[in-house]
Amino acid sequence: MDNSIVVIQCAGRKQPTAGHLQNHDGRKVMFVAKPDEAPKGAPYAYAHPDGVDAFGESWREKLLQYNREPTDNPLGLLPAWQLYQNPAYELLYRKCGPDNLYILSAGWGLIPADFLTPTYDITFSSSAEKYQRRYKQDHYGDFRMLPDDTAEPVVFFGGKDYVGLFCALTSRVQAPRCVLYNANNAPKAPGCQTKKFNTNIRTNWHYKAAQAYVEGRIDLQ
């Protein structure tokens, strides 16, 4: 196992078999950034991660409770590392193990790799539909599950739109933090080291960086 904590941003493409939380009438819940603007007549009940169900119970608290008492996982929620289709997540999981891999989710925040996570449709991407898009100024009660007293160095694989969230949700972490980037100029990453990863790939370049890390081709020292 590598001795670094790896954080990788989430992805838009989820596994088609991914499970959902359910609302009071048994309908599957799809979490989006702006439920009021989601498509009408869809088979889902749309909700915001920081919203409440019909009985006034927080969806975040329901998800935490589900993870505390997973029993037989009746809703079929996938661990975060299995939720996304790109193989980079499994590659990192096999290298880092469940204790050293975290996912930076635009919907839920900073969660461990094995956290049972319902499917959702929230992104920072500027090309997303309005109901899907999270803006930097939007308030979310993001999970912050990486312990503040983490001693291992933390490295982030993700695009510039996610760097601010990574920095915010790890701001109390005592260990050194490193943000990889691919642009001409380093992103603003307060309190973090930045390190350029060179590749001709511009879209989703962080997957290539993750593969290089797994293969031992990135020196973070």
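Predicted model: local features only at pLDDT ≥ 70, side-chain atom pairs only at ≥ 80, totals over all residues.
Tutor: Ala, Val, Leu, Ile, Met, Phe, Trp, Tyr, Cys and Pro count as nonpolar, Asp, Glu, Lys and Arg as charged, and the others, Gly among them, as polar.

Student: How many nonpolar, polar and charged residues does the lining of the largest pocket have?

Tutor: The lining of the largest pocket has 15 polar, 13 nonpolar and five charged residues.

Student: How is such a pocket found, and how much space lies in the largest one?

Tutor: In general, a probe the size of a water molecule is rolled over the atoms, which shows where empty space is left. Here the largest pocket holds about 840 Å³. Its lining counts 33 residues, and those closest to the centre are Gln9, Gly159, Thr203, Asn204 and His206.

Student: Which helices and strands each supply at least two residues of that lining?

Tutor: They are helix H4 (160–169), strand S11 (177–181) and helix H5. H4 gives the largest share, four residues.

Student: Take H5. Is this helix enclosed or open, and why?

Tutor: A residue is buried when its relative accessible area is under 20%. Seven of the 10 residues of H5 are buried, so the helix is largely enclosed by the rest of the structure. The buried residues are Trp205, His206, Tyr207, Ala209, Ala210, Ala212 and Tyr213. They pack against strand S1 (5–9), helix H3 (88–96), strand S10 (154–157) and S11.

Student: Which residues of H4 are buried, and what do they pack against?

Tutor: The buried residues of H4 are Tyr162, Val163, Leu165, Phe166, Cys167 and Leu169. Their partners include S1, S10 and S11, three elements that the buried residues of H5 also pack against. The other partners of H4 are strand S5 (101–105), strand S6 (109–112) and strand S9 (143–144).

Student: Now the backbone. What should I look for in phi?

Tutor: Most residues other than glycine have a negative phi. Asn73 sits in the loop between helix H1 (59–68) and strand S4 (78–79). Asn204 is in the loop between strand S12 (193–196) and H5 (205–214). Just after H5, Gly216 also has a positive phi, about 75°.

Student: How do I read a sheet, and in what order do the strands of the open sheet run?

Tutor: Strands of a sheet pair through backbone hydrogen bonds, either parallel or antiparallel. Here three strands form an open sheet in the order S3-S2-S8, with parallel pairing. Strand S3 (45–47) and strand S8 (120–121) are the edges, each pairing on one side only. Strand S2 (residues 29–32) joins S3 over three bridges, and Met30 stands opposite Tyr46 in S3.

Student: What does the whole chain come to in helices and strands?

Tutor: The chain has five helices and 12 strands. Its radius of gyration is 17 Å, close to the 17 Å from the globule rule for 221 residues, so the chain is as compact as a globular protein of that length. Buried residues make up 49% of the 221.

Methods
Residues numbered from 1 in each chain as written. Heavy atoms only, no water. Pairing = 2+ DSSP bridges. 1 Å grid on protein atoms, 1.4 Å probe; cavity = no way out; pocket = protein on both sides within 12 Å on 5 of 7 lines; lining within 4 Å. Points joined across faces, edges and corners; volume = space filled by probe spheres on them. Buried < 20%, exposed > 50% of the residue type's maximum accessible area, 1.4 Å probe, protein only. Contact = heavy atoms within 4.5 Å. Rg over C-alpha atoms; globule rule 2.2 N^0.38 Å.
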